[in-house]
Structures are given as C-alpha cells and as structure tokens.
2 protein chains.
Amino acid sequence: MNLSMVTDLYELSMANGYQQALEKEDGVFDVFFRHVPDDGSFVITAGLAQAIQAVSDFHFDEKDLAYLKNLDLFTDNFLNFLKKFKFSGNISAIPEGTPVFPREPLLTISGPLIETQLFETILLNIVNHQSLIATKARRICYAAQGMPIMEFGARRAQGPSAATLGARAAIIGGCASTSNLLAAEKFGLTVAGTMAHSWIEAFPNELSAFEKWAELYPDNSSLLVDTYDVVSSGVPNAIKVFQKLEEKGHKPIGIRIDSGDIAHLSKLARKMLDDAGFSEAKITASNALDETTIQSLLFSQGAPIDNFGVGEELITSASDPVLSGVYKLVAIKKEGKIIPKIKISDSREKVTLPGIKQLYRLYKKGTRQAFADVIALKEERLSKRMLVKSADPLDTKQNINLMDFDLETLQTNIFEKGKIVYSSPTVQQIKKVSQQSLSELPEETKRLKNPNKYPVYITEKLAKLQDELLNDQEY
Amino acid sequence: MNLSMVTDLYELSMANGYQQALEKEDGVFDVFFRHVPDDGSFVITAGLAQAIQAVSDFHFDEKDLAYLKNLDLFTDNFLNFLKKFKFSGNISAIPEGTPVFPREPLLTISGPLIETQLFETILLNIVNHQSLIATKARRICYAAQGMPIMEFGARRAQGPSAATLGARAAIIGGCASTSNLLAAEKFGLTVAGTMAHSWIEAFPNELSAFEKWAELYPDNSSLLVDTYDVVSSGVPNAIKVFQKLEEKGHKPIGIRIDSGDIAHLSKLARKMLDDAGFSEAKITASNALDETTIQSLLFSQGAPIDNFGVGEELITSASDPVLSGVYKLVAIKKEGKIIPKIKISDSREKVTLPGIKQLYRLYKKGTRQAFADVIALKEERLSKRMLVKSADPLDTKQNINLMDFDLETLQTNIFEKGKIVYSSPTVQQIKKVSQQSLSELPEETKRLKNPNKYPVYITEKLAKLQDELLNDQEY
C-alpha cells in the first residue's frame, strides 16, 4: 500500500495550483486538535514514527502517475514534480507519549507550499488514529490502576493497519501486552493470549480440552472457563487440571471469564479456586470491557480480577472513535518575509492561532510538577515573570500572571531541510517516558470524569497577533 | 504488511495444539453477528474480495518464522507446517453488498482444524470493518434520499487501511464518490474534491484565491466559502468569480460550506446565488455530518443542499464503531462423520446455531418482494410449505407456517479444496447488486429509527438439533 496515495484528491489539486500560482511561497502548517475524546483533559500523542516514515517514503510510482495523468486535472510539470518528489522542508513535533492539550501544535510542517500541502491527509490519518488509541489506552489503564491490560481487539479493529498500529498505540498509552502478532513482531511488544471457545468445543468435552492444553502448555495454563457454564463446569474442570499440573511440578496460571456477569462469576470462581488451594491462580476478565466497566468491577463491585483483556472498546476507542486533529496553514514565507495566517470562524473558540509557535511546559520552580503550558511565538524569549492569556477564549479568567517556574520546550526537530535529524525511541521507551510525563501532571486533570482543565496559555504577543489578524483580515 | 501475522497469538497456539491433538479433525466455522450497529435491522456485507485475498496469500516468511520460533511456544513440526501453509479447505460466503441479518452465516470456512483456526482474526477484521462501513454508508445514503454522498474521511479514519478499504465499503453502501486517491485508483471509484481552507489562506485575500482557482480549473469551480465569512465574503466573492467564468463560457459548479449553521447559511447562500442568476450552482455541505443531521437538514429544515461530503462519522461509523462479528466452530468432521458443535451461554439469545447450514431468502411467490430468511441445515430439502421457528429465541411468536414463496440461496462457493472458484465483481457491480437487493426488502425494515424487524427463521430440524445439543452437552 503506497501511503502517498492515501490522500484526498484536493491536496493534489491545490499543490498543482500552488505550482502555477504561488511557486515561491513556503507554507507553515500546524497539526492540532480542539476537542479531547471522551471529554478528557488531554491526548497522548502517538504515531510520529509512522508519520516520519510516511514523509520520508513519500513518492508516486509509474502506476500512480499514469492514474493521476488520466484524471486530466494536472499539468505535466506537476506530474513531473510528483515523480521526483523529495521533501525539502522542516518538521518539528512533540515526541510520542507526551500528554498534550487542545490548540497545542503537535507537528509543525514548513517548506514549499506545493510540498507541505501534500502531507495533510496522511499525517492527520496517522497521528489522529494512533493518538486516539493511546489516549483511550491511558484511560483504561488509569481505571485499572496498575493491573495489567492486554490489548486484544484485532478482530474488531477497523482494518489491518488499525489493528497493528492501534496495538502499538495501546502500548504507548500504558497497556502491558497485545495479542496481535504482527504488532508484537514489528514493534517489539509483549505478546499474550491463550485459547478461544473453539478449542474447548473441538474436543468431546471441556475437561479433555483443558487436559490437552495443560499437557501441551504446562506453563501457560490460563484456561477459558465459560464455554458451557463457569460455575458448574468451567472452574471445577480447571481445578482438576490445576491439581494434575501441580502434581507434575507446574504452577497453574489461572482462568479467563469471557461472558456473563463478570463481577458475580469472578467472586464465585475466586472462592472455588481459593478453597481448592489455588489462591495464586489469576482471574482474567474480558468481554467488551472499557474504563467504566473496569472501574466499576474493581472499585464499586470489588471483583477479584487480576488481569483484563480489552478488545473492541480500546482498539476503536468505541465511546468516542474520532480524534479531530486538523492541519492548518499558520504562515506563508515569501521572499524571506513571514506572513502569519489565520482561519476565522463564526465561533471565536475555533479561530486558529497564527504564526510559527513554540510550546512550553511550565513546572513549579525546582520541581517536576507541571502546572501550565504556554504557547508563544517562536522568536519570543520568555521572561521569568509574564502576563499571559488563556488559549481558550471561552475561559472566564483571561489574564494571568506567571512566575516562579522552570520551563521546557516540548517540540523537537524531526526534519531539517528534508533530512531526518531525529531517531524514534522504541515503543517501550516511549511508554516509559509517557508514564513519567503523566506522573508530572496534576492528579485532578487525569481523572476520567469531569477532569480539571489544565491551563494552556498564549503569550501577550501571540494574543495580539491573533487579534490583529482577526480584525484586519482582508476578504 | 503481511496480513497473515495480523493474527491473535492464540490462533497459533490452538493450531499448534490441534496438530498434536486433533490432527485428523476438520473444523467448520461460521462468521456471523448478533447485533446490528445503530440498532438497524440489517448489515450490508462487504470485504469478501479482501478476505479471499487474505486466505489465498496466507503465508509466513522467514522473518515471521524466526520470530515465532523465538516465542518458544511451537513445535518445529508446526513451524514447518506454517512455512508450507496452503489452504486446502472450502469457503462459502454471501456475496458483498447483500443485506444480511443477525445469526446468518456470512462466511462458512471448513477444512483441517489446524488451517481453519488460523483465519479467524484476519477474516473477522476484514469483514467486520468493511461491513460496518458499508452499513453506515447505507444509512447515510438512505437519509440523503438519492442526493449524492461524497466520502471524504481519510484524515479521520483509523489508519491508512481503514481509510482506503473504508472508502471501498462506503461506495458499496451507496456513496457516489470518495476523496481518497488510493481507493479510487485501486478499486475504480469516482474521485472527488476541490480545495481546503489553506488554498484560500495562502493568497492575500479570498477573492484572489477564488479567481486563481477558477483560472486553473474553470470546469471544476466548487468554491469553499467559509474561510472568513460565508455571507459577507465567501458567497459574494464566489458570485464575482462565477460571473467571470460565465463570461468565458464556463458553467460555474457551485459552493461548499464546511462550518457554521449549515441550514441557515445554505438558505442565505441559495438566495444570493439565485438572485445573481446562478440557480444551477450547487451547494455542497460538509462538517461532521451523519444520517441524522442530513435527514434533519433536508426534511425538517428544508436546507437547499445538493451534495453532501461526509467524513469522520462515515469512515469510523462514529455513532457505533464496532460490528461484532464472531467466528464460531459449528461442526467437527472426523473420519467422515459430522459432529455438530454449539457454544452455550447464560443467555439463550447467545447460544449458537450448530451444524453446517444453508441460508435462504424467501420472496412472495412470483415477485421479488423478500419477506423472510430461513436458515436450514445444509442437507435439508425445503418443502413448499413448512413450519419454522424464529431464529431469535426472544421473539414472542416462535412457530410460523410458511407457504407461497419462491426461494433463493444466499451463499456462494468461494474456495473448493483450496482453490478459488469465485471471481469478485467490481465495486460498481457490487453496489448495483446491493441497490437491487435493498429494493427487494420491505420498506419498514430500512428506516433508520426503530426499523421493523425482518423475520429470520430456522427450520424445525435445526431447532431440534440446537435443543438436543443444548441439553445433552457433556462438560
């Protein structure tokens, strides 16, 4: 699959036009979002490694070019440009795994308009998708409070790449393992899984199916107990097999319950296992679980569950399956001059932040406690005390004084003049850094329901630029 | 991307076990679903062409085999089997584009257990995803009642294959065109699209951006009018450009509104266009539309919209982003004998239909008016009058007499002894057949809200088999 062609036609129509009308202009585009899925407070960024690959692999082969020529929309000059396409611009980005907030520039792409326009669809596709799933995984892992989450949604994912890249994002967001072999192979993830109901059904009865499994995989004996009846059949049969395993010197792993009332059944199963002397055997729960059911099972219902397998709700972010990241032109560079650009909307909330910007995370002085982010113009030098405005024009308190902080910039250079100057960490490293960044955020902004809004400010200079463009835009 | 590895680990663990424990057994698996997304009455099947490809391409290369060996779970004999894998069994399926109902076997896969188990994850992934999107597209097209729907969700799709295969499914479900170039190229779809806000912003003002566009694409002048202000700027500027186009002998196409109150703005824009003599210029609406907003715009609010561009709501089926198709063992063949199999559940509704089955659609005699489907055992010959039971055990009326019908089987042979015996139609052909099948369904089952349930029956013989297995299952 040539990802360069996973592109809306209009990107090419515009680029074809830019070549004729604005050939010398450079464009600067920001990727950002306005709304966090599930009314959360932040998104976990993900997908940068694949975004980098898409940009560096960007090309059109002979078959594609013949198809495009046939559309009869493009000049030969433009098709020739596509044939030789090689990105010559710059990209900066916030590293994967970082918690990010509305309006913050996740990626900034600059370079000839004709080049930078072409990346819109594929970069949004990759970053929106993986950030969505990493964000959902963060919510589910938060609900499970340290109990391991196994991602196993491949069969309900929206196509093969949603399964595989979604598994990658799920690990970045905090999951322990995935059932998806390709994702595990490709990204060095821990792979997990045991048996389906078909294994049980294929044998004359449940006990012989369990026995055979334990014989083949004596050290991986997590038995699926709900094919016929958890309490009267599944758990008693599992206990019989565990006893034999123990006699042979193996440690029984546990059971999995995949249907019925998980809270009720897990309590009954726990008691049966304990009574039989298998208090160390784990109980794994699955079946359309999400952060709400996991929180309810563990904390409202006190279900004795040790591991969760999470499928469709995670791999599609089913409760809110879209992260609406956008790719907006924020500046044009022409003959060395930067002309900031704005997209105006009926709703003040949706007016874009113009210009080339830098994002800072502020920590209480001498600590790692993040308390606000500030978006500034790139050329600004921040002072130790500053008056800032809320980035959200709907906030009541608009003018804030900031002092006593340490600050860090969040963006990193990825491409410089078309060359990759960044090496993506492994998924496990990204996950670790993500957990660290999360630990630096205020607790109240991490809760699942009605999280406290984390403050994102813009500098006075940026606010002034936005106001000017808003009022002076020539139509 | 090797789709064979987009597979849950447990499929391989089970297959490895089958090789040692049940090497001579054949398995028969059905793919079916229990619940229709958005509480609809039926699903539009899609994805069969890609499912066929996944089965015929199924293989493990050296790198995959080395990875699998490293997991230390599989015998050398099994890894050797994977290395030489070639499907030797049979698959039958309901052709793409067919409206199908809960419990109906969409695909039936039979052959050595060790082979058939391996396809579970990837077949479900492909068929669940595309059927989900085709079903959503059907709903959206139904709401638009013949007005063309343009799919343009690539940037919000869950990864590149969700964008591309989703576009394919959207056309099967009734959409007119897609913005996705790869989908259009690969599947022979109509491609559509014009400009983004960035085109407008890149120029000194809106009018010069429109003028340049009209100069470059005089016959593709659909102008995006909401970058600054639809009424005070976008439409007046579009009209100026349309006047020039007309002077030069070109027909202005129309405008697109992508934000704000679409109903209100489209009415104002329509009047302005009409007053300026451009009553044939079309109005296209976009911006997070779905079947509910389209129905409301057209029928409750009388918005004068001619085309719809639908993005994230369609490409993710955002209101219900999961089709929960399952892959269930329904029979084991051993030494020529067929042993039907059942998955039991606490809920009677979820008990599976055992055995190898045939699906019939019944039409009122001498017409093409479908009125019910019947699931029978494959070896049964249906009589002209028959007593059947509801396939849904929760239905009040359980026993029904059927007479005066014509019938057709819905499944087709796809693989016979490992060989493909079916040639997939083009997407346009599938769409056409789908529209025909839809026209044969009762009107009341097609509406979006509280559709009338279309009757699906099982034969007495199948009902009896299910009862026997349910009561006699040995644990």
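1. A few terms before we start. Two strands pair if DSSP finds at least two bridges between them. Helices (H or I, at least four residues) and strands (E, at least two) are DSSP runs, numbered from the N terminus. In strand β12 of chain A, the bridge partner of A:V31 is A:Y327.

2. Some ground rules. This is a predicted model, where local features need pLDDT of at least 70 and side-chain atom pairs count only at pLDDT 80 or more, while totals for chains, interfaces and linings use all residues; side-chain values use heavy atoms, with hydrogens and water left out. Residues are numbered from 1 along each chain as its sequence is written, and chains are lettered from A and ligands numbered from 1 in the order in which they are written.

3. Back to β12(A). Strand β1 (residues 26-32) of chain A is joined to β12(A) by 7 bridges, and the two run antiparallel. Strand β13 (residues 337-340) of chain A also pairs with β12(A) in the antiparallel sense, over 4 bridges, with A:A331 opposite A:P340. β12(A) and β13(A) make a hairpin with 2 residues between them, and A:E335 in the turn has a positive phi of about 50 degrees. Of the 9 residues of β12(A) (326-334), 7 are buried, so the strand is largely enclosed by the rest of the structure. Buried here means under 20% relative accessible area, exposed over 50%, and partly exposed in between (1.4 Å probe, protein chains only).

4. On the record side, UniProt places the feature "domain: Nicotinate phosphoribosyltransferase N-terminal" at residues 5-128 of chain A, from an unreviewed entry. UniProt positions are given in the numbering used here, feature names are shortened, and annotations may be inferred rather than shown by experiment. In the model that span is 42% helix and 17% strand, and its end C-alpha atoms lie 18 Å apart.

5. How do the chains relate? Chain B can be laid on chain A with an RMSD of 0.0 Å by a turn of 180 degrees and a shift of 0.0 Å along the axis. That is the relation of a two-fold axis. The superposition is by least squares on the C-alpha atoms of residues with pLDDT of at least 70 in both copies. B:S161 is the residue of chain B that comes closest to the rotation axis, at 2.8 Å (C-alpha). The copies meet through the same surface, because 100% of the interface residues of chain B are also interface residues in chain A.

6. Now the cysteines. A search of the whole structure turns up 0 disulfides over all chains, a disulfide being a pair of cysteine sulfur atoms within 2.5 Å. A:C175 is in none, and the nearest cysteine sulfur, that of A:C141, is 4.1 Å away. B:C175 is likewise in no disulfide, with the sulfur of B:C141 nearest at 4.1 Å. A:C175 is buried at a relative accessible area of 0%, and B:C175 is buried at 0% too.

7. Chain B has an open sheet of 6 strands in the order β17-β16-β21-β15-β14-β18, with mixed pairing. β17 (399-402) and β18 (405-409) stand at the edges, each with a single partner strand, so one side of each is left without a neighbour in the sheet. Strand β16 (residues 386-390) of chain B runs antiparallel to β17(B) and is joined to β17(B) by 4 bridges, with B:L387 opposite B:N401.

How values were computed: Contact means heavy atoms within 4.5 Å.
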